[in-house]
Amino acid sequence: MIRRVVFTGVLSLAILLALVPYLWPQPALRQALTELGSTLLAYATLVAFLAFLDAHLRRIRLQGEGWPYSLVIVLSALAVLILAAGEGWIRGSGLAGPWMMWIYQYGVLPLEASLGALLPFFMILALWRRLRARPSVEALLFTAGVLSVLILRSGGTSLPLLWGPLSHAVVEPLITGGVRGILLGVALGVVVMMLRIALGLDRPMGR
Amino acid sequence: MRRCPVCGALYPEEAQICTRCGADLVDGPGEIEGTLCAVCGYRNPPEAVFCEQCGVRLKEAEEEGEVRREEAAGAPPEPGMPEWLLAVEDLFPEAPPAFPETVEEERPPFGAPPVEEAQGPGEAPPSGPEAPILPFSEEMEPEAMPPEEGAPPGPPEAETGMAVPPWMPPETEASPFPELPPLFEVPELGETPPVSEAGFSGEEAPPPETAPFTFFPLEEEAERPPAIEAPSPGGEEVEALPPPWPEGEELPEWWKELGLTEAPPPGSSEEVPAQAPPLRAEELPEEVMTAPPATAPFQLEEAPPPPPPEEVPPFTDLEAVLAEMPEWLQTLRPVAEEGGEAPVETLLPLEPVVVEEQGPLAGLVDVLPRHPQLVEVQGPPARLRAEPIPELRTRAEAWGSLLAQGLTFLIGERVAEPTPAGLAQAVERGLLFALILVALILGLYWPLPFFRPALLTPPTAFVAALDEAPSGGLALVAVEYGPDRAAELDGFLRGVLQRLSDRGVRALTVSLSPWGAAQAASVVLARPDYGERVMHLGYVPGHEVAIARLLSQPLRRFPADYTGRPVQDLPIARDFGEEPLAARVSLVVLITGSPEALRGWLQQARGILPPEVPVIAAVSAGIAPYAAPYQESGQLRAVAAGLRDALLLAGEVAEGSPAFFDLQAQALLQMLVVALIGVGLGISLFAARRREG
Amino acid sequence: MTMGVLLLIAAALTLAAVYGGRRIRLSPRALESFRQIPFQVGRSLETGQPLQFALGSGGLLGGEAAFTLSAARSLERALGDVRTGEVPPWVAVADPVALLYARHLFQEAARLPAMSSPPLDRIEWAGASPMAYIAGLTLSLGLRPVAANILGGSFREEAILAGEAGQREGAVSLFAMPDPSGAAAMWPLDPSLAVGEEALTAAPREDAPGRWLAHDLLRWLLIVLLIAAALGAMGRG
């Protein structure tokens, strides 16, 4: 009971402290909180890395489902860690050395770019299946919006000439307005959630 | 411990009154009047014909010593007993227990666990005062009665035994229990292994409640004949069998009911057998009727092992037995052997496998044959007495429609259900992917006639802001994207750096994330003018707070660049002094694909930078709506979005250049998506119309 | 300063909503995505397959803390169901602090009789960057069958890879994404997904009164401010 009260109190205090600069500008306070958060993040990263290694090593040991993937993951993670630590030991900057740059340029970059290259395929596939399904008002509205954007943005062809500046005045404000509405709602939800946590109405640390 | 002289219950020495019958244990009951019920032990008044407690006929119970194994010791037959059970009991009436004179020991008190039955010959019976009272005489061999000739074989040399209910009082009166014909099982069951019907093993005594079955203690393996073999009606068995009734005695009524004419042989207290046979007396072989009493005691360790049967005479009068047998028991009849010879150590031949060929059970084996009455239509189909009311019909239709929808009505209509897996879906996916790939390759390598890049509008405002930076001035370029956005935004970084370098503007690249720093390093460090016109400060930790710290930090205080070289050693830092960066920077360029980074930089930088310093942003196409409000409010001077603006940054695109083909591929893919949308909608509308039609 | 004043007003309205929620009987509102959570728990028990919760690529220390907390609410609600202990769900996170928080939720749920020991090995750090996180999530979905694939929190367009993988493996998909870009990518898979403000309304099992009322009050405040700003701009212009 006392422990929960203390946790809730600390959480509320942290949120209120972060909100204080909006009333009373205190860059030093904000900086201190940010640095505290960075320290916590570093600690959490270390714990998470150890938990990550433990989970995959257990899967390898027990030969659970997908254990070869776990083996590759563990070996690559340890290799990068050792290389970065070694480069930091030798050159003083673990992330900026040539070894890390080589891993990034020839490992991370191609992998993520390849994965990103899959996105249009699956997006178009999902869109195709959705449009082939039962037609609904949402699908029609979505279609109209997508067609407008694509036709307007598909430069290099004569299609935009058919629409003219009227489309720019009508379609783009609708799109921007819609996104802004969503973003306002997001901001509203974030504010309500954080205020409820700060006021102790919601207890994410448990009852 | 003392016994009650009236009912035989055991009490401690200090007990004075029997709580069961009320007799005085100290002085004795005195003259005991009345008739003792042989079933429940209740002392009835002398004139009672039926026991007042259990209802059994006292005369029969007393004269014949017939003991019926009830479900509970001493309990009267339950009124709710089903008729079929009573009929079964009629088939297997229990023989009265013997009260051998030799048994003088105290019997276990009422409710004590039943004594064990007699074991095999090699096993010692329980000894001591708790010795069971066994019905067989010492002379008798506990053999099964050999069946008559022509009758199916009886059980093998199963030694029959029966535990006397422990509540049975010692029989003080002479109870000429007639010797009943020895036990044998239902002939049709003769081919079963010599296990008692109740399945008891020799070590366990059957509880007295489980009437009315016979208990055949299992013999030792060595002495047990093969299971299928029928016992031989050898003369030894015949000899061993006791005479059914002692001579000179008046025939008991039950004997007469059986139709037996000869008097039962003179019996001793070691009586017989537990069951009365279901056969008529005239069906019994004469040897049985005249067999001398068995001499072997029922203490089976002294009895010689019975010889294995050699042949089993067939049972001829099956119909008579079947006439009295209940139908349910008839279903247990084994298949009759042909030739009348018992199989010898052979397995029953497998019946031919019958496979059902028609109907919903086609393909299954061992399907019960169809009853002709069930197959044939006996008459016209039944008709509803009345039509269902409309409400019921509506409910049924609604239920049917819900079921037709599948599980969606259970888990909610608006849930994304799994896509059906199958060859059609895989082919559809493959074809679509192939179409996209063809369009991409076509656009990247084949100049199409309808594509005119001159129609494209370059980001003039963005370029103009870049060109406004003074030569020799300092521009801060924030690189806030990772490998996933690199393909789209690397063009902006290269183009911005090149345009700034061409105009003599020095550029400092920085990032708030390690990814951005590494991505910028891959572009910046490869430039030939690195150190002179461009310098990469690398990763600054602290998120938004780092922006304020960076802009507020004096230029001279920058320690080193991303590669670790001291900033002061680079030509680009020749005029770095104590003034903060915010005072020296003349342009801030944000290259990002993340709205959070865009928001953070704008919020922090705009609060520190002088209002005349422009901030421009090059963003990915997806976050163009996020940048629009800042552009409209003036916090952002210009915005360039997407791959198209990046490719057009350098000006017009020459035909055949890489930028030309990139733009063409993008346009072709967009047109493909438009076409797919149209085709997909058309298919769905057509399908909907067909569904309605 | 303006921001501070607005925050104070927002705080006051939130408190008023709590007070009013206790007094006024409000009809409960529940979004389809979150309403399905108990159904999916039951479906998980029937099929014997666990649920898969993805808390997004955001953490608890940045601007996406609210998104991650909201996604964790769905997980908390599912864990609060005693039946979950029989088939514990899988949780995929991209942020180390989110991993610690998920472990905390499992330990809280371990007080239930059905889940005696928290299956902490069910929480996996799928990847650090958003794309790597999605790749790890897609791999997990391909390795083990799940009854439902519940994506909440901070997701971008690459979430469609995980959503498509989940659907292909036969899992029911529930999406709740505040970010419009992620929601736009997932719309073809599930048009009824929770987007924007809706994604931040996940309620824990024991919901306190006034949650929805606070949203409504602040929404009216925003509407009033926007109308006032528009009128002011028109007046100036």
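Chain C holds an open sheet of six strands in the order β3-β2-β1-β4-β5-β6, with parallel pairing. Strands here are DSSP runs of E with at least two residues, helices are runs of H or I with at least four residues, and both are numbered from the N terminus. Two strands count as paired if DSSP finds at least two bridges between them. This is a predicted model, in which local features need pLDDT of at least 70 and side-chain atom pairs count only at pLDDT 80 or more, while totals for chains, interfaces and linings use all residues. Residues are numbered from 1 along each chain as its sequence is written, and chains are lettered from A and ligands numbered from 1 in the order in which they are written.

**Sheet of chain C**

- The edges are β3 (123–125) and β6 (194–195) of chain C; each has a single partner strand, so one side of each is left without a neighbour in the sheet.
- Strands β1 (residues 51–56) and β2 (residues 90–93) of chain C run parallel and are joined by three bridges.
- Ala54(C) has Ala92(C) as its bridge partner in β2(C).
- Helix α5 (residues 130–143) of chain C lies across β1, β2, β3 and β4 (148–154) of chain C, at about 160 degrees to β2(C). Such angles run from 0 to 180 degrees between the N-to-C directions of axes, which are lines fitted to C-alpha atoms, for helices over the stretch in contact.

**Sheet of chain B**

- Chain B has an open sheet of six strands, ordered β7-β6-β5-β8-β9-β10 and paired in parallel.
- At its edges stand β7 (534–539) and β10 (638–641) of chain B, each with a single partner strand, so one side of each lacks a neighbour in the sheet.
- On average, neighbouring strands of this sheet are turned by 15 degrees against each other, direction ignored.
- Five bridges pair β5 (residues 474–480) with β6 (residues 506–511) of chain B in the parallel sense, and Val510(B) in β6(B) is the bridge partner of Ala478(B).
- Helix α13 (residues 486–502) of chain B lies across β5, β6, β7, β8 (585–592), β9 (615–619) and β10 of chain B, and runs at about 160 degrees to β8(B).

**Contact of chain C with chain A**

- Chain C contributes 48 residues and chain A 49 residues. Two residues are in contact if their C-beta atoms, placed from the backbone, lie within 7 Å.
- On the side of chain C that touches chain A, α1(C) gives the most, with eight residues.
- That side of chain C divides into 33 nonpolar, six polar and nine charged residues. Ala, Val, Leu, Ile, Met, Phe, Trp, Tyr, Cys and Pro count as nonpolar, Asp, Glu, Lys and Arg as charged, and the others, Gly among them, as polar.

**Contact of chain C with chain B**

- This contact takes 22 residues from chain C and 15 residues from chain B.
- Elements giving two or more residues to the side of chain C that touches chain B are α2 (32–47), α5, α6 (159–168) and β5 (172–177) of chain C.
- The most comes from α2(C), with five residues.
- Seven nonpolar, nine polar and six charged residues make up that side of chain C.

- The axes of α5 (residues 119–132) of chain A and α11 (residues 423–445) of chain B come within 10 Å and cross at roughly 125 degrees.
- The contact is made by Pro120(A), Phe121(A), Ile124(A), Leu125(A) and Trp128(A) of α5(A) with Arg429(B), Leu432(B), Phe433(B) and Ile436(B) of α11(B).
- Eight of these residues are nonpolar, none is polar and one is charged.
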